[in-house]
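Keep the sequence and the 3D view open, and try each task before you read its solution.

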Amino acid sequence: MLSPRSLPARILRKLNHHRTTELYFVGFPKTGNTWMRYMLGRYVQLLCGLPRMPLFDGADGLGRCERFCSGPAMHFTHRPLLWQSQKASDLDYNNVIRPFAEKRVVLLVRHPLDALVSLWMQQIHRVKDGYTDALTDMIENPVLGIEKFFRFYELWSEYSGHVKEFMLVRYEDMRVEPLSAFADVLEFLAIPLHEELLQQAVAESDFENMKKVEMSGKGPSYKSSGLNIFASGDNGNADSLHVRRGQVGGYVDYLTPEEIGILQCRIDGRLPTTFGYSRRSD
């Protein structure tokens, strides 16, 4: 019998987890991954009468993806994004799309400048030995910056039809109409919609409420690691919180109009109109 900690056992659990995961939430960091996970976890907790909020990271002893009283076996991932040396040119169909070819996918997206400002704040305030240069430098950084964002979403735009089922969820739509947008997600997941539970889950996932939960230190924990969902920094520094601002268009506070104009021209030329951030989308 294999030791649970042996390399073959770990490989088996990893293969089993992917094999039994029916649906993936995929997105670049800072596109609403934690927010969606928290909201969905609270809804499933209420629907299924669970003692703790699921964060969709659990598995059994054989690595099979955990599932609940309703909906598919789900997992959240940034796959295949890495942050040490991987560049935009390292992303291609085989590592971005092919792993999900037989899966259902919810792709999360956000305006690239808002996402990159939030990623920069995380690097500055919450990542040990993280990126410390100026925001404009990070935006041009080949490992952390906008070219990698473009490449990741270009691939998804071109090949979204290659997965079993596909849904696009825009961060901005979730902010403007959270009840309607989240109801659409539940419909895609084939999870029964109960209006009272919907309203409660959305209200409890409001940014101000999540910020209070984060600052209390009593946020839900991952089953796989025991770590709190909110990887907070210094509670005395608002910019080091996981739930920081959540604003739409907040990047205007960190970039000059000239910088924004230049970057928006690049967005217009590179980011597919599917996502709605290019002025060609109007």
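**Exercise 1.** Sort the lining of the largest cavity by class: how many nonpolar, polar and charged residues does the lining have?

*Solution.* Remember as you go that this is a predicted model.

- Step 1: Count by class. The lining has six nonpolar, two polar and one charged residues.
- Step 2: Find the elements behind the names. Two or more lining residues come from each of α2 (33-48), β4 (165-170) and α7 (171-176).
- Step 3: The largest cavity holds about 40 Å³ of space, and the count of cavities of 30 Å³ or more comes to one.

**Exercise 2.** Describe how helix α6 and helix α11 lie against each other: at roughly what angle do their axes cross?

*Solution.* 

- Step 1: Locate the helices. Helix α6 covers residues 146-159 and helix α11 covers residues 257-270.
- Step 2: Read the geometry. Their axes come within 11 Å and cross at roughly 20°.
- Step 3: Draw the conclusion. Angles under 35 degrees count as roughly parallel, and α6 and α11 are therefore roughly parallel to each other.
- Step 4: The crossing of α6 past α11 is right-handed.
- Step 5: List the partners. From α6, Ile146, Glu147, Phe150, Arg151 and Glu154 meet Leu263, Arg266, Ile267 and Arg270 of α11.
- Step 6: Sort this contact by class. Its residues divide into four nonpolar, no polar and five charged.

Note on methods. Residues are numbered from 1 along each chain as its sequence is written. This is a predicted model: local features need pLDDT of at least 70, side-chain atom pairs count only at pLDDT 80 or more; totals for chains, interfaces and linings use all residues. Side-chain values use heavy atoms; hydrogens and water are left out. Axes are lines fitted to C-alpha atoms, for helices over the stretch in contact, and angles run from 0 to 180 degrees between N-to-C directions. Helices (H or I, at least four residues) and strands (E, at least two) are DSSP runs, numbered from the N terminus. Angles under 35 degrees count as roughly parallel, over 145 as roughly antiparallel, 65 to 115 as roughly perpendicular and the rest as oblique. A crossing is left-handed if the near helix is turned anticlockwise from the far one by less than a right angle, and right-handed if clockwise. Contact means heavy atoms within 4.5 Å. Ala, Val, Leu, Ile, Met, Phe, Trp, Tyr, Cys and Pro count as nonpolar, Asp, Glu, Lys and Arg as charged, and the others, Gly among them, as polar. On a 1 Å grid over the protein atoms alone, a cavity is a set of points where a 1.4 Å probe fits but cannot get out, and a pocket is an open set with protein on both sides within 12 Å along at least five of seven lines; lining residues have an atom within 4 Å of a point. Grid points are joined across faces, edges and corners, and a volume is the space filled by probe spheres set on the points.
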